[in-house]
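The exercises below each set a task and then work through it step by step.

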Amino acid sequence: MAKIIEQNDKLGRPVVAGNFVAFAHHNDLRVGVVTKVCPKLIMITEIDRERSRHYRKYQFDLIVMEESPLVTMYCLKHGK
């Protein structure tokens, strides 16, 4: 039986695949979707119209964004 991997963000909220997250990359704040949760790193796909980049971040480098109309509008505006 496979062990369930539990990760928490910087605020202590659980991170699961499909969550929208905000994370820092260099000197910029980006928004993405969690694609995979591994024991050490979390795989994230950035929401961007021109390119879809993939990042690996530690759990303390991101914050889970709550589902709200603002998050939905951002994803519709900037997503593919």
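## Cysteines

The structure, which is a predicted model, holds 0 disulfides.

**Exercise 1.** Decide whether Cys38 and Cys75 are buried or exposed.

*Solution.* The step that needs a cut-off is the first one: a residue counts as buried when its relative accessible area is under 20%. Cys38 has a relative accessible area of 14%, and therefore it is buried. Cys75 has a relative accessibility of 16%, so Cys75 counts as buried as well.

## An aspartate and its partners

**Exercise 2.** Locate Asp9, classify its accessibility, and describe what its side chain reaches.

*Solution.* Begin with the place of the residue: Asp9 lies in the loop between β1 (7-8) and β2. Next comes accessibility, where a relative accessible area of 6% means that Asp9 is buried. Then turn to the side chain of Asp9, which has a polar atom 3.1 Å from the backbone nitrogen of Leu11, and which reaches the backbone nitrogen of Val64 at 2.9 Å. Finally, when neighbours within four places in sequence are left aside, the residues in contact with Asp9 are Val15, Gln59, Leu62, Ile63 and Val64.

## Two loop residues

**Exercise 3.** Work out where Asn19 and His26 lie, and whether each is buried or exposed.

*Solution.* Take Asn19 to begin with: its place is in the loop between β2 (14-15) and β3, and because its relative accessible area is 16%, Asn19 is buried. Not counting residues up to four places away in sequence, Asn19 touches Pro14, Gly32, Val33, Val34 and Val64. Now take His26, which is found in the loop between β3 (20-25) and β4 (28-37). The cut-off for exposed is over 50%, and His26, at 78% relative accessibility, therefore counts as exposed.

## A tyrosine in a helix

**Exercise 4.** Find the element that holds Tyr74, classify its accessibility, and state how far Tyr74 is from Tyr55 in sequence and in space.

*Solution.* Tyr74 has its place in helix α1 (residues 69-78). Its relative accessibility is 32%, so Tyr74 counts as partly exposed. Once neighbours within four places in sequence are set aside, Tyr74 is in contact with Val31 and Gly79. For the separation, Tyr74 and Tyr55 are 19 residues apart in sequence, and 19 Å apart in space from C-alpha to C-alpha.

How values were computed. Residues are numbered from 1 along each chain as its sequence is written. This is a predicted model: local features need pLDDT of at least 70, side-chain atom pairs count only at pLDDT 80 or more; totals for chains, interfaces and linings use all residues. Side-chain values use heavy atoms; hydrogens and water are left out. Helices (H or I, at least four residues) and strands (E, at least two) are DSSP runs, numbered from the N terminus. Buried means under 20% relative accessible area, exposed over 50%, partly exposed in between (1.4 Å probe, protein chains only). Contact means heavy atoms within 4.5 Å. A polar contact is a pair of N or O atoms within 3.5 Å; within protein, one must be able to donate a hydrogen and the other to accept it, and residues adjacent in sequence count only if both atoms are side-chain atoms. A disulfide is a pair of cysteine sulfur atoms within 2.5 Å.
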